[in-house]
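Reader: I am new to this structure and would be grateful for a close look at a single part of it, followed by an account of its surroundings.

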Amino acid sequence: MPYFPLYINIEEKDILIVGGGKVALRKCEKLLPFKPRIHIVAPDICDELEALSHKYRTVSAENASEISIYSRAFNEKDLNDKALCIAASDDNILNQHISRLCRDVSIPVNVVDCPELCTFFFPALINDGELSVGISTSGKSPVAARELKNLLSDALPENIGDIISYMGAVRPRIIELIPDMKKRSEALTEIYSKCLSKHGALDSVELEEILAAYIKKL
């Protein structure tokens, strides 16, 4: 049965990763663009994860995410106040234990390579600015998800992330100037179409011409 795709805000949320190897590193790298506080617990930490943690040790203007490393064995208290948990250790018994603990207290958990122990999956992600596209096969075929991601990535319009950011920036003004929902939708659609055709944001003159035409119709 397919899983329902649910987008959640993890900015400044505490996320636990149990495991310090390359798999934990990949999960960490997927989470970082979404600005969480990542806590990594493992007796042994790979060099790449150590290096990444030094870069993201504290939140700064350059790094909005934060990584903390605890070089020790997992403790049940590590789950306290966590929004998500990823069990990425090489100990299957430990991963099963973490999965049970998380489900008992309703913490979403992902157990690497064990779909039956997961309550959420990492999709194949396409990120471009404010655009986020997730492709999931419910853990059945990561290869299929990866290949579909590549196909969709190639099909995306040029500079779509910048265009979406621009649309978000002008939308409040358009809502204020065009109260009629139908005409507002038409105006936003025209603005978006023109952005696609020029592969970027409209200049102020182009935007004002469109708005003036719709305001005139009110």
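Which residues in helix 5 meet residues in helix 7, and which residues of helix 7 do they meet?

Author: The model is predicted, with local features taken at pLDDT of at least 70, side-chain atom pairs at pLDDT 80 or more, and totals for chains, interfaces and linings from all residues. Residues are numbered from 1 along each chain as its sequence is written, and side-chain values use heavy atoms, without hydrogens or water.

From helix 5, the residues Tyr166, Val170, Arg173, Ile174 and Leu177 meet Leu207, Glu208, Leu211 and Ile215 of helix 7 (contact means heavy atoms within 4.5 Å; helices are DSSP runs of H or I with at least four residues, strands runs of E with at least two, numbered from the N terminus). This contact comprises seven nonpolar residues, two charged ones and no polar ones (Ala, Val, Leu, Ile, Met, Phe, Trp, Tyr, Cys and Pro count as nonpolar, Asp, Glu, Lys and Arg as charged, the others as polar).

Helix 7 spans residues 204-217, and its axis comes within 12 Å of that of helix 5, crossing at roughly 30 degrees (axes are fitted to C-alpha atoms over the stretch in contact, with angles from 0 to 180 degrees between N-to-C directions). The two helices are therefore roughly parallel (under 35 degrees; over 145 is roughly antiparallel, 65 to 115 roughly perpendicular, the rest oblique). Their crossing is right-handed (the near helix is turned clockwise from the far one by less than a right angle).

Helix 5, residues 160-177, also packs against helix 6, residues 181-198, at about 150 degrees with the axes 11 Å apart. Helix 5 is therefore roughly antiparallel to helix 6, and this crossing too is right-handed. On the side of helix 5 the contact involves Ile160, Ile163, Tyr166, Met167, Arg171, Ile174 and Ile175, while helix 6 supplies Arg184, Leu188, Ile191, Tyr192, Cys195 and Leu196. Eleven of these residues are nonpolar, two are charged and none is polar.

Elsewhere, helix 1 and helix 2 (residues 47-55) pack at about 30 degrees with their axes 8 Å apart, so helix 1 is roughly parallel to helix 2. Lys22, Ala24, Leu25, Cys28 and Glu29 of helix 1 face Glu48, Leu49 and Leu52 of helix 2 across the contact. That contact holds five nonpolar residues, three charged ones and no polar ones.

Of its 30 lining residues, Leu6, Tyr7, Ile8, Pro123 and Leu125 lie nearest the centre. Helix 1 (22-31), strand 6 (124-128) and strand 7 (131-135) each give two or more residues to this lining.

The second largest pocket has about 690 Å³ of space. Among its 26 lining residues, Lys27, Lys30, Asp113, Phe122 and Pro142 lie nearest its centre. Helix 1, strand 5 (109-111), strand 6 and helix 4 (142-155) each contribute two or more residues, and helix 4 gives the most, with five. This lining contains 15 nonpolar, five polar and six charged residues.

Note on methods. 1 Å grid on protein atoms, 1.4 Å probe; cavity = no way out; pocket = protein on both sides within 12 Å on 5 of 7 lines; lining within 4 Å. Points joined across faces, edges and corners; volume = space filled by probe spheres on them.
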